[in-house]
Amino acid sequence: IGQDLLSVEQYVLSQYNASLHDNSTWHHPTPPALSSFVPAAAMVYTDLETLRGLSRPTDYGSGVEYADGILDNLFAGHSNGDVGLQIGLWLGGGRGW
């Protein structure tokens, strides 16, 4: 899923909310924790010149790109191989367009 931080967060939250309403969790004594909803991979974009959006947040105009934020904050405890990261590279300079 991807690509900006807010979109990834909203997708995971929507999947969690859907699971609470689709009868798939009714046979469990307690519903699963939100932290258990982890995608196979997430995507971010950066530019090859500055690598912005990897270790610090940046916005190229389509939302905040932040690879470390996705792995360390949204999927804390799952970053050790549970969540893949796809990185899209902009080859045309540091402006992102």
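## The salt bridge

There is one salt bridge in this structure, and the model it comes from is a predicted one. The partners are arginine 52 and aspartate 47, whose closest N and O atoms sit 3.6 Å apart.

How exposed are arginine 52 and aspartate 47? Arginine 52 has 33% relative accessibility, so it counts as partly exposed. Aspartate 47 comes out at 0% relative accessibility and therefore counts as buried.

## How α1 and α2 pack

Now for the helices. A pair of packed helices is described by the angle between their axes and the distance between those axes. Here, helix α1 covers residues 5-21 and helix α2 covers residues 67-74; their axes come within 10 Å and cross at roughly 30 degrees. Angles under 35 degrees count as roughly parallel, so that is what α1 and α2 are to each other. The crossing of α1 past α2 is right-handed.

Which residues make the contact? On the α1 side they are Leu5, Val8 and Glu9, and on the α2 side Gly69, Ile70 and Leu74. Sorted by class, that gives four nonpolar residues, one polar and one charged.

## What covers α2

Helix α2 has these buried residues: Ala67, Gly69, Ile70 and Leu71. Gly69 and Ile70 also take part in the contact with α1.

What lies over the buried residues of α2? The cover includes α1, along with the strands β1 (41-47), β3 (64-65) and β4 (84-90).

Note on methods
Residues are numbered from 1 along each chain as its sequence is written. This is a predicted model: local features need pLDDT of at least 70, side-chain atom pairs count only at pLDDT 80 or more; totals for chains, interfaces and linings use all residues. Side-chain values use heavy atoms; hydrogens and water are left out. Axes are lines fitted to C-alpha atoms, for helices over the stretch in contact, and angles run from 0 to 180 degrees between N-to-C directions. Helices (H or I, at least four residues) and strands (E, at least two) are DSSP runs, numbered from the N terminus. Angles under 35 degrees count as roughly parallel, over 145 as roughly antiparallel, 65 to 115 as roughly perpendicular and the rest as oblique. A crossing is left-handed if the near helix is turned anticlockwise from the far one by less than a right angle, and right-handed if clockwise. Contact means heavy atoms within 4.5 Å. Ala, Val, Leu, Ile, Met, Phe, Trp, Tyr, Cys and Pro count as nonpolar, Asp, Glu, Lys and Arg as charged, and the others, Gly among them, as polar. A salt bridge is a side-chain nitrogen of Lys or Arg within 4 Å of a carboxyl oxygen of Asp or Glu. Buried means under 20% relative accessible area, exposed over 50%, partly exposed in between (1.4 Å probe, protein chains only).
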